[in-house]
4 protein chains.
Amino acid sequence: MSYARLLLDVKPDSSPVDLGLRAAAIDALNDCTQACIADTDADLGEHNVAEMVTCIRLCLDCADVCTAAAAVMSRPSGYDPGVARPLLESCVAICTSCGDECERHARMHEHCRICAEACRRAEQASRDLLNAISDQG
Amino acid sequence: MSYARLLLDVKPDSSPVDLGLRAAAIDALNDCTQACIADTDADLGEHNVAEMVTCIRLCLDCADVCTAAAAVMSRPSGYDPGVARPLLESCVAICTSCGDECERHARMHEHCRICAEACRRAEQASRDLLNAISDQG
Amino acid sequence: MSYARLLLDVKPDSSPVDLGLRAAAIDALNDCTQACIADTDADLGEHNVAEMVTCIRLCLDCADVCTAAAAVMSRPSGYDPGVARPLLESCVAICTSCGDECERHARMHEHCRICAEACRRAEQASRDLLNAISDQG
Amino acid sequence: MSYARLLLDVKPDSSPVDLGLRAAAIDALNDCTQACIADTDADLGEHNVAEMVTCIRLCLDCADVCTAAAAVMSRPSGYDPGVARPLLESCVAICTSCGDECERHARMHEHCRICAEACRRAEQASRDLLNAISDQG
(Lines give C-alpha, C1' and ligand atoms only; values in the text may rest on other atoms or scores of the structure.)
Protein backbone atom coordinates (compact mmCIF):
# COMPACT_ATOMS: atom_id res chain seq x y z
CA MET A 1 0.00 0.00 0.00
CA SER A 2 1.33 3.46 -0.83
CA TYR A 3 2.29 6.04 1.81
CA ALA A 4 -0.40 8.33 0.41
CA ARG A 5 -3.03 5.67 1.19
CA LEU A 6 -1.50 4.61 4.53
CA LEU A 7 -1.53 8.19 5.76
CA LEU A 8 -5.00 9.07 4.47
CA ASP A 9 -6.31 5.97 6.26
CA VAL A 10 -5.02 7.00 9.69
CA LYS A 11 -5.99 10.65 9.64
CA PRO A 12 -9.66 10.81 8.76
CA ASP A 13 -10.59 14.37 7.89
CA SER A 14 -13.81 16.16 7.18
CA SER A 15 -13.60 15.84 3.39
CA PRO A 16 -16.48 13.80 1.99
CA VAL A 17 -14.41 12.70 -1.02
CA ASP A 18 -13.65 8.96 -1.17
CA LEU A 19 -10.27 8.08 0.35
CA GLY A 20 -9.43 5.53 -2.32
CA LEU A 21 -9.96 8.03 -5.14
CA ARG A 22 -7.83 10.59 -3.33
CA ALA A 23 -4.96 8.19 -2.66
CA ALA A 24 -5.11 6.88 -6.23
CA ALA A 25 -4.89 10.41 -7.60
CA ILE A 26 -1.96 11.38 -5.35
CA ASP A 27 -0.08 8.20 -6.31
CA ALA A 28 -0.77 8.64 -10.03
CA LEU A 29 0.32 12.29 -9.91
CA ASN A 30 3.55 11.42 -8.07
CA ASP A 31 4.27 8.61 -10.52
CA CYS A 32 3.67 10.97 -13.42
CA THR A 33 6.06 13.55 -11.94
CA GLN A 34 8.78 10.93 -11.65
CA ALA A 35 8.13 9.59 -15.17
CA CYS A 36 8.25 13.10 -16.66
CA ILE A 37 11.51 14.00 -14.87
CA ALA A 38 13.14 10.78 -16.06
CA ASP A 39 11.69 11.08 -19.58
CA THR A 40 13.03 14.64 -19.88
CA ASP A 41 16.50 13.33 -19.15
CA ALA A 42 16.10 10.38 -21.53
CA ASP A 43 14.89 12.74 -24.30
CA LEU A 44 17.97 14.91 -23.74
CA GLY A 45 20.15 11.84 -24.30
CA GLU A 46 18.63 11.00 -27.70
CA HIS A 47 20.40 11.63 -31.00
CA ASN A 48 17.31 13.37 -32.35
CA VAL A 49 17.06 15.75 -29.38
CA ALA A 50 15.94 18.59 -31.68
CA GLU A 51 12.76 16.61 -32.42
CA MET A 52 12.18 16.04 -28.71
CA VAL A 53 11.97 19.70 -27.68
CA THR A 54 8.16 19.84 -27.46
CA CYS A 55 8.15 16.58 -25.49
CA ILE A 56 10.74 17.96 -23.05
CA ARG A 57 8.84 21.22 -22.49
CA LEU A 58 5.56 19.40 -21.89
CA CYS A 59 7.23 16.93 -19.52
CA LEU A 60 8.67 19.83 -17.50
CA ASP A 61 5.29 21.53 -17.28
CA CYS A 62 3.58 18.23 -16.46
CA ALA A 63 6.00 17.47 -13.63
CA ASP A 64 5.49 20.94 -12.13
CA VAL A 65 1.69 20.83 -12.23
CA CYS A 66 1.47 17.22 -10.97
CA THR A 67 3.85 18.03 -8.09
CA ALA A 68 1.67 20.92 -6.96
CA ALA A 69 -1.56 18.95 -7.34
CA ALA A 70 -0.27 15.92 -5.39
CA ALA A 71 0.80 18.18 -2.51
CA VAL A 72 -2.45 20.16 -2.43
CA MET A 73 -4.51 16.95 -2.63
CA SER A 74 -2.57 15.66 0.40
CA ARG A 75 -4.07 18.46 2.51
CA PRO A 76 -7.78 18.73 3.34
CA SER A 77 -7.66 22.43 2.46
CA GLY A 78 -6.90 21.28 -1.08
CA TYR A 79 -10.46 20.15 -1.32
CA ASP A 80 -11.71 23.70 -1.38
CA PRO A 81 -13.40 23.27 -4.78
CA GLY A 82 -12.40 26.81 -5.84
CA VAL A 83 -8.75 25.74 -5.75
CA ALA A 84 -8.93 22.00 -6.36
CA ARG A 85 -11.18 22.08 -9.40
CA PRO A 86 -9.09 24.38 -11.64
CA LEU A 87 -5.87 22.78 -10.37
CA LEU A 88 -7.11 19.32 -11.36
CA GLU A 89 -8.38 20.74 -14.66
CA SER A 90 -4.90 22.03 -15.42
CA CYS A 91 -3.57 18.56 -14.52
CA VAL A 92 -5.98 16.88 -16.90
CA ALA A 93 -5.00 19.34 -19.66
CA ILE A 94 -1.23 19.02 -19.27
CA CYS A 95 -1.35 15.22 -18.74
CA THR A 96 -3.40 14.92 -21.93
CA SER A 97 -1.03 17.13 -23.97
CA CYS A 98 2.08 15.51 -22.54
CA GLY A 99 0.67 11.99 -22.97
CA ASP A 100 -0.26 12.75 -26.60
CA GLU A 101 3.20 14.08 -27.39
CA CYS A 102 4.96 11.18 -25.64
CA GLU A 103 2.79 8.75 -27.57
CA ARG A 104 4.00 10.25 -30.86
CA HIS A 105 7.52 9.13 -29.91
CA ALA A 106 6.50 5.84 -28.29
CA ARG A 107 7.51 3.57 -31.18
CA MET A 108 10.95 5.06 -31.43
CA HIS A 109 11.61 5.65 -27.74
CA GLU A 110 10.49 3.14 -25.12
CA HIS A 111 10.95 5.79 -22.39
CA CYS A 112 8.31 7.92 -24.10
CA ARG A 113 5.92 4.95 -24.24
CA ILE A 114 6.32 4.45 -20.49
CA CYS A 115 5.91 8.17 -19.79
CA ALA A 116 2.78 8.32 -21.96
CA GLU A 117 1.31 5.53 -19.82
CA ALA A 118 2.07 7.44 -16.60
CA CYS A 119 0.47 10.58 -18.09
CA ARG A 120 -2.69 8.67 -19.08
CA ARG A 121 -3.04 7.25 -15.58
CA ALA A 122 -2.56 10.65 -13.97
CA GLU A 123 -5.03 12.18 -16.41
CA GLN A 124 -7.64 9.53 -15.59
CA ALA A 125 -7.08 9.70 -11.82
CA SER A 126 -7.31 13.52 -11.92
CA ARG A 127 -10.53 13.29 -13.90
CA ASP A 128 -12.01 10.77 -11.42
CA LEU A 129 -11.13 12.99 -8.48
CA LEU A 130 -12.43 16.06 -10.28
CA ASN A 131 -15.78 14.32 -10.85
CA ALA A 132 -15.96 13.25 -7.21
CA ILE A 133 -15.21 16.80 -6.02
CA SER A 134 -17.75 18.29 -8.43
CA ASP A 135 -20.40 15.82 -7.22
CA GLN A 136 -19.96 17.23 -3.72
CA GLY A 137 -21.12 20.56 -5.15
CA MET B 1 15.30 44.34 -13.27
CA SER B 2 14.33 40.79 -12.26
CA TYR B 3 15.85 37.67 -13.82
CA ALA B 4 12.38 36.72 -15.06
CA ARG B 5 12.23 39.99 -17.03
CA LEU B 6 15.87 39.92 -18.15
CA LEU B 7 15.45 36.44 -19.58
CA LEU B 8 12.07 37.05 -21.21
CA ASP B 9 13.58 40.11 -22.92
CA VAL B 10 16.40 38.20 -24.57
CA LYS B 11 14.46 35.16 -25.77
CA PRO B 12 11.49 36.45 -27.72
CA ASP B 13 9.07 33.62 -28.31
CA SER B 14 5.93 33.23 -30.30
CA SER B 15 3.52 34.00 -27.46
CA PRO B 16 1.45 37.11 -28.16
CA VAL B 17 1.06 37.85 -24.43
CA ASP B 18 2.76 41.06 -23.25
CA LEU B 19 6.25 40.44 -21.82
CA GLY B 20 5.81 42.91 -18.99
CA LEU B 21 2.65 41.20 -17.75
CA ARG B 22 4.34 37.81 -17.92
CA ALA B 23 7.46 38.91 -16.04
CA ALA B 24 5.35 40.71 -13.44
CA ALA B 25 3.27 37.58 -12.85
CA ILE B 26 6.33 35.32 -12.55
CA ASP B 27 7.96 37.73 -10.08
CA ALA B 28 4.80 38.13 -8.01
CA LEU B 29 4.27 34.35 -7.90
CA ASN B 30 7.87 33.74 -6.82
CA ASP B 31 7.62 36.46 -4.16
CA CYS B 32 4.40 34.92 -2.90
CA THR B 33 6.00 31.47 -2.67
CA GLN B 34 8.85 32.88 -0.58
CA ALA B 35 6.47 34.89 1.64
CA CYS B 36 4.28 31.83 2.24
CA ILE B 37 7.23 29.57 3.10
CA ALA B 38 8.56 32.15 5.56
CA ASP B 39 5.12 32.91 6.98
CA THR B 40 4.48 29.21 7.59
CA ASP B 41 7.63 29.07 9.67
CA ALA B 42 6.76 32.29 11.51
CA ASP B 43 3.26 30.96 12.27
CA LEU B 44 4.81 27.78 13.68
CA GLY B 45 6.86 29.93 16.07
CA GLU B 46 3.86 31.75 17.53
CA HIS B 47 2.45 31.05 20.99
CA ASN B 48 -1.04 30.73 19.54
CA VAL B 49 0.01 28.19 16.92
CA ALA B 50 -3.28 26.29 17.34
CA GLU B 51 -5.09 29.36 15.95
CA MET B 52 -2.68 29.55 13.00
CA VAL B 53 -3.40 26.09 11.58
CA THR B 54 -5.68 27.28 8.76
CA CYS B 55 -3.16 29.98 7.87
CA ILE B 56 -0.33 27.42 7.73
CA ARG B 57 -2.28 25.02 5.52
CA LEU B 58 -3.29 27.76 3.11
CA CYS B 59 0.28 29.08 2.97
CA LEU B 60 1.56 25.60 2.12
CA ASP B 61 -1.02 25.20 -0.66
CA CYS B 62 -0.35 28.71 -1.91
CA ALA B 63 3.42 28.14 -2.11
CA ASP B 64 2.90 24.88 -4.05
CA VAL B 65 0.49 26.35 -6.59
CA CYS B 66 2.51 29.57 -7.10
CA THR B 67 5.72 27.54 -7.59
CA ALA B 68 4.11 25.48 -10.35
CA ALA B 69 2.51 28.49 -12.02
CA ALA B 70 5.75 30.53 -12.03
CA ALA B 71 7.62 27.63 -13.65
CA VAL B 72 4.95 26.94 -16.26
CA MET B 73 4.64 30.67 -17.08
CA SER B 74 8.42 30.71 -17.65
CA ARG B 75 7.95 28.34 -20.61
CA PRO B 76 6.12 29.27 -23.81
CA SER B 77 4.26 25.97 -23.65
CA GLY B 78 2.71 27.32 -20.47
CA TYR B 79 0.69 29.64 -22.60
CA ASP B 80 -1.40 26.82 -23.96
CA PRO B 81 -4.67 28.30 -22.68
CA GLY B 82 -6.03 24.85 -21.78
CA VAL B 83 -3.30 24.53 -19.14
CA ALA B 84 -2.50 28.13 -18.29
CA ARG B 85 -6.05 29.30 -17.72
CA PRO B 86 -7.11 26.79 -15.03
CA LEU B 87 -3.64 26.93 -13.45
CA LEU B 88 -3.89 30.72 -13.10
CA GLU B 89 -7.48 30.36 -11.88
CA SER B 90 -6.27 28.04 -9.12
CA CYS B 91 -3.58 30.65 -8.30
CA VAL B 92 -6.17 33.41 -8.04
CA ALA B 93 -8.33 31.20 -5.80
CA ILE B 94 -5.58 30.11 -3.41
CA CYS B 95 -3.95 33.57 -3.28
CA THR B 96 -7.34 35.06 -2.41
CA SER B 97 -8.05 32.50 0.33
CA CYS B 98 -4.54 32.68 1.73
CA GLY B 99 -4.47 36.49 1.57
CA ASP B 100 -7.85 36.68 3.37
CA GLU B 101 -6.69 34.34 6.13
CA CYS B 102 -3.34 36.13 6.56
CA GLU B 103 -5.17 39.43 6.78
CA ARG B 104 -7.25 38.11 9.70
CA HIS B 105 -3.97 37.76 11.65
CA ALA B 106 -2.32 40.92 10.30
CA ARG B 107 -2.89 43.07 13.37
CA MET B 108 -1.43 40.53 15.73
CA HIS B 109 1.34 39.18 13.49
CA GLU B 110 3.34 41.52 11.26
CA HIS B 111 4.57 38.49 9.25
CA CYS B 112 0.97 37.71 8.30
CA ARG B 113 0.44 41.32 7.20
CA ILE B 114 3.46 41.07 4.91
CA CYS B 115 2.38 37.67 3.56
CA ALA B 116 -1.14 38.98 2.90
CA GLU B 117 0.40 41.75 0.80
CA ALA B 118 2.43 39.23 -1.23
CA CYS B 119 -0.72 37.13 -1.77
CA ARG B 120 -2.70 40.16 -2.98
CA ARG B 121 0.01 41.06 -5.48
CA ALA B 122 0.23 37.50 -6.79
CA GLU B 123 -3.56 37.34 -7.03
CA GLN B 124 -3.68 40.59 -9.02
CA ALA B 125 -0.77 39.65 -11.29
CA SER B 126 -2.34 36.23 -11.96
CA ARG B 127 -5.66 37.89 -12.77
CA ASP B 128 -3.97 40.35 -15.16
CA LEU B 129 -2.16 37.55 -16.96
CA LEU B 130 -5.32 35.45 -17.05
CA ASN B 131 -7.19 38.32 -18.71
CA ALA B 132 -4.40 38.83 -21.24
CA ILE B 133 -4.37 35.11 -22.09
CA SER B 134 -8.16 34.99 -22.38
CA ASP B 135 -8.12 38.03 -24.71
CA GLN B 136 -5.88 36.05 -27.09
CA GLY B 137 -8.79 33.64 -27.42
CA MET C 1 7.93 -2.08 -10.81
CA SER C 2 8.23 1.65 -10.16
CA TYR C 3 8.43 4.27 -12.91
CA ALA C 4 11.87 5.24 -11.60
CA ARG C 5 13.07 1.67 -12.22
CA LEU C 6 11.21 1.22 -15.52
CA LEU C 7 12.76 4.36 -16.93
CA LEU C 8 16.28 3.73 -15.66
CA ASP C 9 16.09 0.28 -17.27
CA VAL C 10 15.33 1.58 -20.76
CA LYS C 11 17.79 4.45 -20.89
CA PRO C 12 21.17 3.03 -19.95
CA ASP C 13 23.57 5.89 -19.26
CA SER C 14 27.27 6.13 -18.61
CA SER C 15 27.00 6.12 -14.81
CA PRO C 16 28.73 3.10 -13.26
CA VAL C 17 26.40 3.17 -10.24
CA ASP C 18 24.11 0.14 -9.91
CA LEU C 19 20.65 0.74 -11.44
CA GLY C 20 18.83 -1.08 -8.64
CA LEU C 21 20.41 1.10 -5.95
CA ARG C 22 19.58 4.23 -7.89
CA ALA C 23 15.95 3.28 -8.49
CA ALA C 24 15.55 2.20 -4.85
CA ALA C 25 16.91 5.56 -3.66
CA ILE C 26 14.66 7.58 -5.99
CA ASP C 27 11.60 5.58 -4.89
CA ALA C 28 12.44 5.85 -1.19
CA LEU C 29 13.05 9.61 -1.49
CA ASN C 30 9.74 10.14 -3.33
CA ASP C 31 7.89 8.02 -0.75
CA CYS C 32 9.48 10.04 2.03
CA THR C 33 8.44 13.32 0.42
CA GLN C 34 4.83 12.12 0.22
CA ALA C 35 4.88 10.80 3.81
CA CYS C 36 6.31 14.08 5.12
CA ILE C 37 3.77 16.22 3.25
CA ALA C 38 0.90 14.08 4.59
CA ASP C 39 2.37 13.89 8.10
CA THR C 40 2.71 17.68 8.22
CA ASP C 41 -0.98 17.98 7.51
CA ALA C 42 -1.86 15.27 10.02
CA ASP C 43 0.26 17.01 12.70
CA LEU C 44 -1.57 20.25 12.00
CA GLY C 45 -4.86 18.46 12.69
CA GLU C 46 -3.83 17.21 16.13
CA HIS C 47 -5.13 18.70 19.40
CA ASN C 48 -1.57 19.00 20.69
CA VAL C 49 -0.33 20.88 17.62
CA ALA C 50 1.94 23.07 19.80
CA GLU C 51 3.94 19.94 20.66
CA MET C 52 4.20 18.98 16.98
CA VAL C 53 5.96 22.15 15.80
CA THR C 54 9.45 20.61 15.61
CA CYS C 55 8.01 17.60 13.79
CA ILE C 56 6.26 19.84 11.26
CA ARG C 57 9.37 21.92 10.56
CA LEU C 58 11.54 18.83 10.10
CA CYS C 59 8.93 17.22 7.82
CA LEU C 60 8.87 20.36 5.66
CA ASP C 61 12.66 20.41 5.38
CA CYS C 62 12.75 16.67 4.74
CA ALA C 63 10.21 16.90 1.92
CA ASP C 64 12.15 19.73 0.26
CA VAL C 65 15.53 17.98 0.42
CA CYS C 66 14.15 14.59 -0.68
CA THR C 67 12.33 16.21 -3.62
CA ALA C 68 15.54 17.80 -4.86
CA ALA C 69 17.60 14.66 -4.35
CA ALA C 70 15.10 12.41 -6.17
CA ALA C 71 15.09 14.76 -9.16
CA VAL C 72 18.87 15.13 -9.31
CA MET C 73 19.34 11.36 -8.93
CA SER C 74 16.99 10.89 -11.91
CA ARG C 75 19.52 12.67 -14.16
CA PRO C 76 22.96 11.22 -14.95
CA SER C 77 24.50 14.62 -14.26
CA GLY C 78 23.33 14.12 -10.69
CA TYR C 79 26.04 11.57 -10.32
CA ASP C 80 28.74 14.23 -10.42
CA PRO C 81 30.10 13.28 -6.98
CA GLY C 82 30.77 16.94 -6.11
CA VAL C 83 27.01 17.56 -6.17
CA ALA C 84 25.56 14.14 -5.39
CA ARG C 85 27.65 13.40 -2.33
CA PRO C 86 26.78 16.48 -0.23
CA LEU C 87 23.18 16.38 -1.46
CA LEU C 88 22.81 12.77 -0.29
CA GLU C 89 24.61 13.64 2.95
CA SER C 90 22.04 16.36 3.61
CA CYS C 91 19.32 13.77 2.85
CA VAL C 92 20.79 11.33 5.35
CA ALA C 93 21.00 14.10 7.97
CA ILE C 94 17.47 15.41 7.56
CA CYS C 95 15.91 11.93 7.21
CA THR C 96 17.66 10.92 10.44
CA SER C 97 16.50 14.03 12.33
CA CYS C 98 12.99 13.85 10.96
CA GLY C 99 12.75 10.09 11.56
CA ASP C 100 13.93 10.54 15.17
CA GLU C 101 11.40 13.28 15.84
CA CYS C 102 8.54 11.35 14.22
CA GLU C 103 9.46 8.31 16.28
CA ARG C 104 9.06 10.35 19.47
CA HIS C 105 5.38 10.80 18.55
CA ALA C 106 4.86 7.33 17.10
CA ARG C 107 2.99 5.88 20.07
CA MET C 108 0.53 8.72 20.22
CA HIS C 109 0.16 9.35 16.50
CA GLU C 110 0.06 6.48 14.02
CA HIS C 111 0.77 8.94 11.17
CA CYS C 112 4.10 9.79 12.80
CA ARG C 113 4.96 6.10 13.10
CA ILE C 114 4.34 5.64 9.38
CA CYS C 115 6.31 8.77 8.51
CA ALA C 116 9.23 7.65 10.70
CA GLU C 117 9.32 4.42 8.72
CA ALA C 118 9.42 6.30 5.41
CA CYS C 119 12.24 8.51 6.76
CA ARG C 120 14.27 5.47 7.88
CA ARG C 121 13.93 3.88 4.44
CA ALA C 122 14.97 7.06 2.66
CA GLU C 123 17.89 7.49 5.06
CA GLN C 124 19.09 3.94 4.39
CA ALA C 125 18.61 4.15 0.62
CA SER C 126 20.47 7.50 0.53
CA ARG C 127 23.30 5.98 2.56
CA ASP C 128 23.51 2.97 0.23
CA LEU C 129 23.65 5.20 -2.84
CA LEU C 130 26.18 7.49 -1.15
CA ASN C 131 28.44 4.51 -0.47
CA ALA C 132 28.10 3.28 -4.05
CA ILE C 133 28.96 6.75 -5.42
CA SER C 134 31.91 7.09 -3.05
CA ASP C 135 33.24 3.67 -4.11
CA GLN C 136 33.41 4.96 -7.69
CA GLY C 137 35.99 7.43 -6.43
CA MET D 1 13.51 45.07 0.20
CA SER D 2 12.81 41.43 -0.62
CA TYR D 3 10.11 39.35 1.06
CA ALA D 4 12.84 37.04 2.37
CA ARG D 5 14.42 40.00 4.19
CA LEU D 6 11.12 41.58 5.28
CA LEU D 7 10.01 38.33 6.89
CA LEU D 8 13.33 37.49 8.51
CA ASP D 9 13.31 40.99 10.04
CA VAL D 10 9.95 40.57 11.75
CA LYS D 11 10.38 37.07 13.11
CA PRO D 12 13.64 37.04 15.05
CA ASP D 13 14.62 33.46 15.77
CA SER D 14 17.30 31.84 17.83
CA SER D 15 19.78 31.36 14.98
CA PRO D 16 23.00 33.29 15.56
CA VAL D 17 23.62 33.61 11.81
CA ASP D 18 23.48 37.17 10.46
CA LEU D 19 20.04 38.06 9.04
CA GLY D 20 21.49 39.95 6.09
CA LEU D 21 23.58 36.98 4.97
CA ARG D 22 20.59 34.69 5.28
CA ALA D 23 18.24 36.93 3.32
CA ALA D 24 20.91 37.51 0.64
CA ALA D 25 21.39 33.76 0.23
CA ILE D 26 17.65 33.04 0.00
CA ASP D 27 17.21 35.81 -2.59
CA ALA D 28 20.21 34.69 -4.64
CA LEU D 29 19.04 31.07 -4.57
CA ASN D 30 15.51 32.03 -5.66
CA ASP D 31 16.89 34.24 -8.45
CA CYS D 32 19.11 31.40 -9.60
CA THR D 33 16.16 28.98 -9.68
CA GLN D 34 14.20 31.39 -11.86
CA ALA D 35 17.18 32.04 -14.15
CA CYS D 36 17.83 28.31 -14.57
CA ILE D 37 14.18 27.53 -15.37
CA ALA D 38 14.07 30.31 -17.96
CA ASP D 39 17.50 29.44 -19.38
CA THR D 40 16.45 25.80 -19.81
CA ASP D 41 13.54 26.94 -21.91
CA ALA D 42 15.69 29.37 -23.89
CA ASP D 43 18.27 26.62 -24.56
CA LEU D 44 15.48 24.37 -25.83
CA GLY D 45 14.53 27.08 -28.33
CA GLU D 46 18.02 27.35 -29.85
CA HIS D 47 18.94 25.94 -33.26
CA ASN D 48 21.96 24.22 -31.74
CA VAL D 49 19.93 22.50 -29.02
CA ALA D 50 22.08 19.34 -29.31
CA GLU D 51 25.05 21.38 -28.05
CA MET D 52 23.00 22.74 -25.15
CA VAL D 53 22.16 19.38 -23.55
CA THR D 54 24.75 19.59 -20.77
CA CYS D 55 23.67 23.15 -20.04
CA ILE D 56 20.02 22.10 -19.81
CA ARG D 57 20.75 19.19 -17.47
CA LEU D 58 22.87 21.34 -15.17
CA CYS D 59 20.23 24.08 -15.14
CA LEU D 60 17.57 21.54 -14.13
CA ASP D 61 19.75 20.19 -11.32
CA CYS D 62 20.68 23.70 -10.24
CA ALA D 63 17.05 24.82 -10.06
CA ASP D 64 16.12 21.77 -7.97
CA VAL D 65 18.95 22.16 -5.46
CA CYS D 66 18.53 25.95 -5.13
CA THR D 67 14.77 25.55 -4.58
CA ALA D 68 15.35 23.12 -1.72
CA ALA D 69 18.11 25.23 -0.17
CA ALA D 70 16.09 28.46 -0.29
CA ALA D 71 13.17 26.74 1.44
CA VAL D 72 15.31 25.09 4.12
CA MET D 73 17.20 28.34 4.74
CA SER D 74 13.83 30.05 5.28
CA ARG D 75 13.24 27.86 8.36
CA PRO D 76 15.34 28.08 11.52
CA SER D 77 15.61 24.31 11.56
CA GLY D 78 17.54 24.66 8.33
CA TYR D 79 20.40 25.98 10.36
CA ASP D 80 21.07 22.60 11.89
CA PRO D 81 24.64 22.44 10.57
CA GLY D 82 24.35 18.71 9.84
CA VAL D 83 21.72 19.47 7.21
CA ALA D 84 22.56 23.02 6.17
CA ARG D 85 26.26 22.51 5.58
CA PRO D 86 26.08 19.66 3.03
CA LEU D 87 23.02 21.21 1.40
CA LEU D 88 24.87 24.50 0.87
CA GLU D 89 27.94 22.57 -0.30
CA SER D 90 25.82 20.87 -2.95
CA CYS D 91 24.51 24.35 -3.92
CA VAL D 92 28.03 25.69 -4.27
CA ALA D 93 29.01 22.67 -6.39
CA ILE D 94 26.03 22.77 -8.75
CA CYS D 95 26.05 26.59 -9.07
CA THR D 96 29.74 26.41 -9.97
CA SER D 97 29.23 23.67 -12.58
CA CYS D 98 26.14 25.28 -14.02
CA GLY D 99 27.75 28.74 -14.04
CA ASP D 100 30.85 27.37 -15.81
CA GLU D 101 28.76 25.64 -18.46
CA CYS D 102 26.51 28.67 -19.01
CA GLU D 103 29.60 30.85 -19.38
CA ARG D 104 30.86 28.62 -22.20
CA HIS D 105 27.74 29.64 -24.17
CA ALA D 106 27.64 33.25 -22.99
CA ARG D 107 29.05 34.81 -26.15
CA MET D 108 26.61 33.04 -28.40
CA HIS D 109 23.54 33.14 -26.13
CA GLU D 110 22.79 36.20 -24.04
CA HIS D 111 20.37 34.11 -21.91
CA CYS D 112 23.29 31.89 -20.87
CA ARG D 113 25.36 34.95 -19.93
CA ILE D 114 22.55 36.16 -17.68
CA CYS D 115 22.07 32.70 -16.16
CA ALA D 116 25.81 32.37 -15.52
CA GLU D 117 25.64 35.63 -13.57
CA ALA D 118 22.74 34.35 -11.44
CA CYS D 119 24.67 31.12 -10.77
CA ARG D 120 27.80 33.05 -9.68
CA ARG D 121 25.77 35.15 -7.27
CA ALA D 122 24.04 32.09 -5.78
CA GLU D 123 27.38 30.32 -5.51
CA GLN D 124 28.92 33.27 -3.67
CA ALA D 125 25.93 33.81 -1.38
CA SER D 126 25.86 30.08 -0.54
CA ARG D 127 29.56 30.17 0.23
CA ASP D 128 29.14 33.23 2.48
CA LEU D 129 26.31 31.58 4.39
CA LEU D 130 28.25 28.31 4.62
CA ASN D 131 31.19 30.16 6.16
CA ALA D 132 28.93 31.95 8.63
CA ILE D 133 27.30 28.67 9.65
CA SER D 134 30.66 26.92 10.00
CA ASP D 135 31.97 29.79 12.18
CA GLN D 136 29.13 29.06 14.60
CA GLY D 137 30.74 25.68 15.14
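In the predicted model, chain A is superposed on chain C by a rotation of 180° with 0.0 Å of shift along its axis, with an RMSD of 0.0 Å (least squares on the C-alpha atoms of residues with pLDDT of at least 70 in both copies). The two copies are thus related as by a two-fold rotation axis. Within chain A, the C-alpha of A:Asn30 is nearest the axis, 4.0 Å from it. The mean pLDDT (the predictor's confidence in each residue, from 0 to 100) of chain A is 94, and 97% of its residues reach 70 or more. The model scores are ipTM 0.95 and pTM 0.97.

Contact (heavy atoms within 4.5 Å) involves 25 residues of chain A and 25 residues of chain C. Of the interface residues of chain A, 100% are also interface residues in chain C, so the copies meet through the same surface. Between chain A and chain C, about 2,300 Å² is buried, 69% of it given by carbon and sulfur atoms (accessible area, 1.4 Å probe, lost on putting the two parts together, summed over both). A:Tyr3, A:Leu7 and A:Gln34 supply 31% of the area that chain A buries against chain C, more than any other three residues.

On the side of chain A that touches chain C, helix 1 (3–10), helix 2 (19–44) and helix 5 (110–135) each supply at least two residues (helices are DSSP runs of H or I, at least four residues, numbered from the N terminus). Helix 2 of chain A gives the most, with nine residues.

Residues are numbered from 1 along each chain as its sequence is written, and chains are lettered from A in the order in which they are written. Local features need pLDDT of at least 70, and side-chain atom pairs count only at pLDDT 80 or more, whereas totals for chains, interfaces and linings use all residues; side-chain values use heavy atoms, with hydrogens and water left out.
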